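Subject: Structure for your review

Dear colleague,

Please find below the structure that I am handing over to you. My findings follow directly after it.

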Amino acid sequence: MIYIENIFVCLAIPLLLCMLFTGGCTRRFLLFMIVGMSVCLLSAYVNSFFMGYYGVSATIATIEITPVCEEVMKLLPLLFYILIFEPEVPDLPETAVALAVGFATFENVCYLTENGAENFMFLLIRGFSAGALHILCGISIGFGLSYVFRRRWLAFTGTMGLLGACIVFHATYNLLITGEGGWRTAGYLFPSVLIAFLYVGKLLLPKLKIMFE
């Protein structure tokens with residue numbers, strides 16, 4: 001039996017101690033890493049609840065339940081931060097990415113604890129696929145929110161659209177990796193390829209005098 005709560009405590013304490021001697025952007029990044037790990041922990045319970053409630057298999061839950069639960073739960077802390085603390089809009093992408101990094105890190109650590117670390121190649125692939133997926137969603141929601149919250153009339157519909165896009169990314173990845181052969185390979189490559197495109201876009205758009213934030 002894996003005690004993920006104990007793993008969470010072990011990882012979170014050094015980050016909390018580090019926050020005592022940092023400030024500004026670094027402290028916010030560490031804080032939202034911890035928030036991301038907390039969301040990952042809670043999502044494990046929520047996913048299990050809905051899986052049992054609807055009586056579906058693990059495969060169906062992975063494709064239909066997990067993307068919705070995890071992406072909604074990752075969005076809620078960001079919305080709370082925006083609505084209560086009213087941060088500077090350009091800070092939102094970094095905050096969203098920090099939360100995604102915390103989520104992906106905790107998920108990978110729990111996976112390693114359960115399955116071991118013998119197969120380096122598989123773990124490398126997992127880092128560039130499952131880990132990259134959460135970063136992809138963090139980038140998308142972070143830059144998207146920084147855009148829609150500059151235009152209050154677009155805030156609600158834009159946020160729902162961004163949430164839907166992240167759910168589609170997540171569900172598409174989960175669906176592809178349940179396949180065989182080329183479909184699974186496409187699933188493994190899907191998040192990293194999209195991140196590469198977003199990075200190229202981030203570099204090119206300012207040169208075209210289009211703000212990507």
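Helix 2 and helix 3 pack with their axes 8 Å apart and at an angle of about 145 degrees; axes are lines fitted to C-alpha atoms, for helices over the stretch in contact, and angles run from 0 to 180 degrees between N-to-C directions. Helices here are DSSP runs (H or I, at least four residues), numbered from the N terminus. The crossing of helix 2 past helix 3 is right-handed, a term used if the near helix is turned clockwise from the far one by less than a right angle. This is a predicted model, in which local features need pLDDT of at least 70 and side-chain atom pairs count only at pLDDT 80 or more, while totals for chains, interfaces and linings use all residues. Residues are numbered from 1 along each chain as its sequence is written, and side-chain values use heavy atoms, with hydrogens and water left out.

On the helix 2 side, the residues that meet helix 3 include Phe 32, Val 35, Val 39, Leu 42 and Tyr 54; their partners in helix 3 include Ile 65, Met 73, Leu 78 and Tyr 81. Contact means heavy atoms within 4.5 Å. By type, the residues of this contact comprise 16 nonpolar, three polar and three charged (Ala, Val, Leu, Ile, Met, Phe, Trp, Tyr, Cys and Pro count as nonpolar, Asp, Glu, Lys and Arg as charged, and the others, Gly among them, as polar).

Helix 3 also passes helix 5, again in a right-handed crossing. Their axes come within 12 Å and cross at roughly 35 degrees. Glu 70, Glu 71, Lys 74, Leu 75, Leu 78 and Ile 82 of helix 3 meet His 134, Cys 137, Ile 141 and Leu 145 of helix 5. Six of the residues in this contact are nonpolar, one is polar and three are charged.

The largest nonpolar core has 26 residues. Such a core is a set of buried Ala, Val, Leu, Ile, Met, Phe, Trp, Tyr and Cys residues joined through side-chain atoms within 4.5 Å; buried means under 20% relative accessible area, exposed over 50%, and partly exposed in between (1.4 Å probe, protein chains only). Phe 32, Leu 75, Leu 78, Ile 141, Leu 145, Val 148 and Phe 149 touch the most other members. Helix 3 (58–85), helix 4 (92–115), helix 5 (120–148) and helix 6 (155–177) each supply at least two residues of this core. Beyond its neighbours within four places in sequence, Leu 78 is in contact with Phe 32, Thr 95, Ala 96, Leu 99, Ile 141 and Leu 145. Another core, of 17 residues, lies apart from the largest one and includes Ile 4, Leu 30, Met 73 and Cys 110.

There are ten aromatic pairs in the structure. Rings of Phe, Tyr and Trp (its six-membered ring) pair if their centres lie within 6.5 Å, with planes under 30 degrees apart counted as stacked, over 60 as edge-to-face and the rest as tilted. Phe 32 and Tyr 81 form an edge-to-face pair, 4.9 Å centre to centre, with 70 degrees between the planes. This pair joins helix 2 (residues 24–54) to helix 3 across 49 residues. Phe 32 is buried at a relative accessible area of 5%, and Tyr 81 is buried at 13%. Ring pairs link Phe 32, Phe 80, Tyr 81 and Phe 85 into a cluster.

Yours sincerely
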